[in-house]
Amino acid sequence: MTAPTTAGRDAEPQGPDAAWESSDRASGGRPAEPAGEERGPRGPGLGRIALLTLGLVVALVVVALVSVATGAYDIPLGDVISSVLHRAGLGGEPLDRVGESVLWDARLPRVVLAVLVGAALGCAGALMQGVFGNPLAEPGVIGISSGAAVGAVAAIAFGLDFLGNWTVTVFAFVAGLATVLLVYVLSRSDGRTEVVTLILTGIAVNAFAGALIGMCVFFADNAQITGITFWQLGSLSQATWPKVLAVLPCALAGLLIAPWYARRLDLLALGERPARHLGVDVERLRVVLILVTALLTASAVAMAGIITFVGLLVPHLLRMAAGPGHRFLLPGSALGGALVLVSADLVARTAAQPAELPLGVLTALIGSPFFFWLLRRTRRRQGGWA
């Protein structure tokens, strides 16, 4: 999907970007100050930030435990905890053979992969919104998701298997990274990259990627079309520990790098020209953060398929609740993204048993009305976007 763009290189956010300002007003925050440093009437304060963080952590742990215990083969929550303690050498008792296999070979890798993918998408969404200065942006805006989809669909349609079971995953990851590099190169002019040009280039690349996917589907047979459709809809049903270990380095690298740029993102929220005057190398900041976003998004898409709206919904809700400071927003979006995806996967597995709902479809069903509400809310508060 695409998002409304800013008016120009050094202009202050206008139009839909004013949602940034309206959510700041609702929380009393200032873009240049991390939310964790705000006090009194100007921001939520450290106490509220700490409470919100604790709430996200507790909710994630509770939902994860419920998720590993719930399914076609129910496992009592106490038995889950006992088995985990036993594996950790802290006492407890193992389950029976079937229970141990279901818990450790199916449920736990799926929940852990959901945590990693959700955290990657949530953090990537917060980075995109900070880089573009637009709360309606999300990782797909510069073509990462669609590029990864092209790689995966091409591998399926042409029957490539020289990397075994990893062929589709590797093709999706490499294609996603290659796409964002292509978008960046095409959008550069005179040694600089304008936000508007970058987003418009991403729109063009998304359209071209959609055409390539359509061509691959046209030449694929029925079995391949089934695989392509399932992958495009997004799912965690094929989660295994090797896949968790494959996404873990990329996700951790991106999640650890992102908070180091929180202060510079706060300064960039003032506008490009003020940020430069305050010592921020805007061009270099954009390059680094776009690459970090590509790393996070491509690794997530490669393992779980296309899952939309997590990167849009989570950062914006947290910004409304705790202000615009990225010192909390980046790790908070990772926690919130993990919580949303684990919850959505639980619903996808259990809502239509024994069938399983496509995870990407479920997040889109939830995210689309939220996006529509956000557009209406922004337009109403600003009196139109003309």
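## Exercises on a predicted model

**Exercise 1. Describe how helix 5 packs against helix 6.**

Start with the contacts. Ile144, Gly147, Ala148, Gly151, Ala152, Ala155 and Ile156 in helix 5 meet Thr167, Val168, Phe171, Ala172, Ala175, Gly176, Thr179 and Val180 in helix 6. Contact means heavy atoms within 4.5 Å. Helices (H or I, at least four residues) and strands (E, at least two) are DSSP runs, numbered from the N terminus.

Next, sort the contact residues. Ten are nonpolar, five polar and no charged. Here Ala, Val, Leu, Ile, Met, Phe, Trp, Tyr, Cys and Pro count as nonpolar, Asp, Glu, Lys and Arg as charged, and the others, Gly among them, as polar.

Then take the geometry. The axes of helix 5 (residues 144-157) and helix 6 (residues 167-187) come within 7 Å and cross at roughly 145 degrees. Axes are lines fitted to C-alpha atoms, for helices over the stretch in contact, with angles from 0 to 180 degrees between N-to-C directions.

The model is predicted: local features need pLDDT of at least 70, side-chain atom pairs count only at pLDDT 80 or more, and totals for chains, interfaces and linings use all residues. Residues are numbered from 1 along each chain as its sequence is written, and side-chain values use heavy atoms, with hydrogens and water left out.

**Exercise 2. Characterise the lining of the largest pocket.**

Among the 22 lining residues, Ile156, Val168, Trp231, Gln238 and Lys243 are the closest to it. Lining residues have an atom within 4 Å of a point of the pocket.

Move to the elements. Helix 5, helix 6, helix 8 (222-233) and helix 12 (282-304) each give two or more residues to the lining.

The lining holds twelve nonpolar residues, nine polar and one charged.

**Exercise 3. What are the end-to-end distance and helix content of residues 166-186?**

Locate the span first. UniProt, in an unreviewed entry, places a "transmembrane region" at several spans, including residues 49-73 and 166-186. Such annotations may be inferred rather than shown by experiment.

Now read the model. The end C-alpha atoms of residues 166-186 lie 30 Å apart, and the span is 95% helix and 0% strand. For residues 49-73 the values are 38 Å, 84% helix and 0% strand.

**Exercise 4. Where do proline 354 and phenylalanine 309 lie?**

Proline 354 is in the loop between helix 14 (326-350) and helix 15 (359-382). Its peptide bond from glutamine 353 is cis, with omega near 5 degrees.

Phenylalanine 309 sits in the loop between helix 12 and helix 13 (310-322). Its phi is near 75 degrees, a positive value in a residue other than glycine.

How values were computed:
1 Å grid on protein atoms, 1.4 Å probe; cavity = no way out; pocket = protein on both sides within 12 Å on 5 of 7 lines; lining within 4 Å.
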